[in-house]
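Please look over the fold, the core, the surface patch and the charged pairs of this chain. A short report follows the structure.

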Amino acid sequence: MSHTGVDVIDFLFYTIYPVIGIFAVELASRLIRAPKWTKLWTQAAVSFGFGIYYWFILPAPQNFPLTALVMFALGVALVYQGRRAKISPDKSPY
């Protein structure tokens, strides 16, 4: 992907890393039997972290602001679902 200054393999890794992070939180929360709301809020923190990294930490020609916006939107949705799960755990299927 020469127009963004990122190699194709690196772009695939940048796409896969957030998925791995969110699934790792899912696996860890199932192993320790954490409440749903803590799992969802931890996944939101992972999403916000990747959003910040993709927008502000990567160098200018290689950053991904649109991907960062998607990560921020996912983080907001996960915080909302975590809040719902904390208020009424039986109504949250997550």
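What share of the 94 residues in the chain is buried? Buried residues make up 30% of them. Buried means under 20% relative accessible area, exposed means over 50%, and partly exposed lies in between, with a 1.4 Å probe and protein chains only.

This is a predicted model, in which local features need pLDDT of at least 70, side-chain atom pairs count only at pLDDT 80 or more, and totals for chains, interfaces and linings use all residues. Residues are numbered from 1 along each chain as its sequence is written, and side-chain values use heavy atoms, leaving out hydrogens and water.

**Overall fold**

The chain has three helices and zero strands. Its pattern along the sequence is α-α-α. Helices (H or I, at least four residues) and strands (E, at least two) are DSSP runs, numbered from the N terminus. The C-alpha atoms fill a box of roughly 50 × 25 × 20 Å along the principal axes. Among contacts with a separation of 6 or more, 63% join residues 24 or more positions apart. A contact means heavy atoms within 4.5 Å.

**Core**

The largest nonpolar core has 11 residues, among them Tyr14, Ile22, Val46, Phe50, Phe64 and Phe72. Helices α1, α2 (36-57) and α3 (65-87) each supply at least two residues of this core. Such a core is a set of buried Ala, Val, Leu, Ile, Met, Phe, Trp, Tyr and Cys residues joined through side-chain atoms within 4.5 Å.

What does Ile22 touch, leaving aside its neighbours within four places in sequence? Ile22 is in contact with Gln43, Val46, Ser47 and Leu74.

**Surface**

The chain exposes about 6,300 Å². Carbon and sulfur atoms supply 71% of that area. Accessible areas come from the Shrake-Rupley method with a 1.4 Å probe; for residues, only the protein chains shown count as cover.

Val8, Ile9, Leu12, Phe13, Ile16, Tyr17 and Ile20 form a nonpolar surface patch, with about 630 Å² of accessible area together. Patch residues have over 30% relative accessible area and no salt bridge; like charges are joined within 9 Å, and nonpolar side chains (Val, Leu, Ile, Met, Phe, Trp, Tyr) within 5 Å. Tyr17 sits in helix α1 (residues 8-31). Ile20 lies in helix α1 too. Tyr17 is partly exposed, at 40% relative accessible area. Ile20 is also partly exposed, at 49%.

Arg33 is in the loop between α1 and α2. Its phi is near 55°, a positive value in a residue other than glycine. Arg33 counts as exposed because its relative accessibility is 76%.

**Salt bridges**

How many salt bridges does a search of the whole structure find? The search finds two. A salt bridge is a side-chain nitrogen of Lys or Arg within 4 Å of a carboxyl oxygen of Asp or Glu.

| Pair | N to O distance |
|---|---|
| Arg30 and Glu26 | 2.7 Å |
| Glu26 and Lys39 | 3.3 Å |

Arg30 and Glu26 are four residues apart in helix α1, so about one helical turn separates them. Arg30 is exposed, at 62% relative accessible area. Glu26 counts as buried, at 17% relative accessibility. Lys39 is buried as well. Glu26, Arg30 and Lys39 are linked in a network of salt bridges.
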